[in-house]
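Let's take a friendly walk through this structure, starting with a pair of helices and moving on to a group of rings.

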Amino acid sequence: MTHHRPTSRTATRAQRRRSLHREVPATLGVLADPRDFTAMRRYRTFAFEDHDAYLREVQQVMNTLAARHLHTTLALFDPEEYAQYCTREGMDPDTPASRSRFTARAARSGATVACDGAPLTALLPRLIDRSVRRATWNYATLLLADAGPCEDCGEDLGRSAFDRASAALMALLEAAGEGSHHLVCSVPAPDEQLLAVVHAEAAAAGTAVVDADAAAEFTTVLAAGLALRGSGGIVLRTSRPGAPDRLHGWRLDRGRLTPLTAAEVFDAYCTDAVTGEPVPPEPGVEYCAGRPLPDPGPGHH
């Protein structure tokens, strides 16, 4: 039998094909929760029986894709949303093709993390956290959209609350000065407790650097609290080298941000939220009153 070596033209085509394959991104839909994994086992074509073994296989696929130098992202695979998607699109849910299409959709509209060389055990908490933050942001946005117009002037109450929340965040960071700042906003909403966190680094007053997405999430949650005119609050923790951490707090009260006293901040941090029992104060921390903010208040609304 005569063997022919590939011509340079054929070799070039093969090289081009391999090069093109390396430019196709990959997305893996992962079942991070054992309950979600159990829900998928009702499908005949879902071949896995053990969640831990399934996660090990996902890790092996990640390793293979990394060895091929493919850009890969992880997305959460939600079995309930998957079933609804298949019903809506008229697809058979018990096929790999349907799962692949849903994964691609989830990556476009949901939270994802890039496979950057970290193991799956490190990526999953980041993915879950990002998914929770995305869900919180979406729900807070819906609350603002449902706020409707002001009965007196017709102004969009959601937009007004968002503008006020944005100004309040800027005022908080301005008043905090230099240092590392950690802000937490908590708002009880009709269906769930909204929580948003933003971290800022400031070399001097007025120079705070924040992540744009985190700032938008924080502002949206705070805006929802202002629009709902209910309870809630903000806590600011500031760290500076060689100095104790300082804690400040504000209460959401009928659409306004009201500074807490030092005693109120101490009580909030040193009381168990579930039992109401006292909790020892944290060493090396100063409990401080919240600073007055130039919050315009609800005005004529």
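Predicted model: local features only at pLDDT ≥ 70, side-chain atom pairs only at ≥ 80, totals over all residues.

Helix α6 spans residues 120–146 and helix α8 residues 212–228, and they pack at about 40 degrees with axes 9 Å apart. Here axes are lines fitted to C-alpha atoms over the stretch in contact, and angles between N-to-C directions run from 0 to 180 degrees. Helices are DSSP runs (H or I, at least four residues), as are strands (E, at least two), numbered from the N terminus.

Residues are numbered from 1 along each chain, and side-chain values use heavy atoms, without hydrogens or water.

Now for the rings. Tyr43, Phe77, Tyr82, Tyr85 and Phe102 are linked into a cluster by ring pairs, meaning Phe, Tyr or Trp rings (six-membered for Trp) with centres within 6.5 Å; planes under 30 degrees apart are stacked, over 60 edge-to-face and the rest tilted. Phe102 is buried at 1% relative accessibility, where buried means under 20%, exposed over 50% and partly exposed in between, with a 1.4 Å probe and protein chains only. Its ring and that of Tyr82 have centres 5.4 Å apart and planes at 65 degrees, so this pair is edge-to-face. Tyr82 is in helix α4 and Phe102 in helix α5, 20 residues apart. Tyr82 is buried too, at 0%.
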